[in-house]
Structure formats: C-alpha cells, structure tokens
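This report walks through the packing of one protein chain. Have the sequence and the coordinates to hand.

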Amino acid sequence: MKCLIIGCGKMGSAILEQWNSRKMFTEIVIIDPFFKTHDDNIQAFTNIEEVEQNFKPNVILIAIKPQDS
C-alpha cells in the first residue's frame with residue numbers, strides 16, 4: 001500500500017513514526033517544505049508538483065493546521 005502525507009509537523013511525524021514502525025506501507029510520500037528523511041521507503045517533497053503524476057496513494061493524511069492551508 002502507498003501513503004501520501006501532506007504536512008509532517010508534530011502530529012504528522014507522530015503518526016508517520018507509528019505507521020513506519022509497523023511497516024504499514026510499502027511507499028510513503030511526504031509533502032512538507034521542512035521535512036528531511038533518511039528512510040528508504042519515504043520520499044519527501046516540498047510541494048505537490050514534485051510528486052510523480054502516476055503516484056496513486058491508497059491513503060492520504062492531511063496533517064496541517066487550518067491557518068497554514
């Protein structure tokens with residue numbers, strides 16, 4: 001399964017940590033201008049335009065504050 005996470009601050013990072021420790025997804029894509037990754041199954045991008053057009057996630061997590069949208 002594939003996952004897309006939009007925003008990975010405190011809440012998004014906490015959820016990501018749990019999902020990744022349980023190996024719930026084969027591929028995780030994160031859109032966050034400040035997120036840095038060192039994990040092989042996680043790709044991080046600064047905006048949605050950088051994500052491949054053929055990436056089709058099974059789960060989308062929106063973890064941003066309303067005032068940041």
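Which backbone oxygen does the side chain of N41 reach, and at what distance?

## A buried asparagine

The model is predicted. In it, the side chain of N41 reaches the backbone oxygen of F25, at 3.5 Å. N41 sits in the loop between β2 and β3. Its relative accessible area is 19%. The cut-off for buried is under 20%, so N41 counts as buried.

The neighbours of N41 can be listed too. Leaving out residues up to four places away in sequence, N41 touches N20, F25, T26, E27 and I28.

## The aromatic pair

F25 also takes part in a ring pair, with W19. The structure holds 1 aromatic pair. The ring centres of W19 and F25 are 5.2 Å apart and the planes stand at 65°, so the pair is edge-to-face. Both W19 and F25 are buried.

## The helix α1

W19 belongs to the buried residues of α1, together with G12, L16 and N20. Viewed down the axis of α1, its buried residues fall within an arc of 95°, so they line one face of the helix. The face turned away from that buried side carries K10, M11, E17 and S21, which are exposed. Among the elements covering the buried residues of α1 are β1, β2, β3 and β4.

As for length, α1 has 12 residues. From first C-alpha to last, α1 reaches 17 Å, close to the 16 Å expected at 1.5 Å a residue. Just after α1, K23 takes a positive phi of about 55°.

## Nonpolar cores

In soluble globular proteins, nonpolar side chains tend to be buried together. Here the largest nonpolar core has 12 residues. Its members are C3, I5, C8, L16, W19, F25, I28, I30, F35, I42, L61 and A63. Both rings of the aromatic pair, W19 and F25, are thus in this core.

Conventions
Residues numbered from 1 in each chain as written. Predicted model: local features only at pLDDT ≥ 70, side-chain atom pairs only at ≥ 80, totals over all residues. Heavy atoms only, no water. Core = buried A, V, L, I, M, F, W, Y, C linked by side-chain atoms within 4.5 Å. Buried < 20%, exposed > 50% of the residue type's maximum accessible area, 1.4 Å probe, protein only. Helix = DSSP H or I, 4+ residues; strand = E, 2+ residues; numbered from the N terminus. Expected span 1.5 Å × (residues − 1). Arc of directions from axis to C-beta. Contact = heavy atoms within 4.5 Å. Polar contact = N/O pair within 3.5 Å; in protein donor to acceptor, adjacent residues only side chain to side chain. Phe/Tyr/Trp six-rings, centres within 6.5 Å; stacked < 30°, edge-to-face > 60°.
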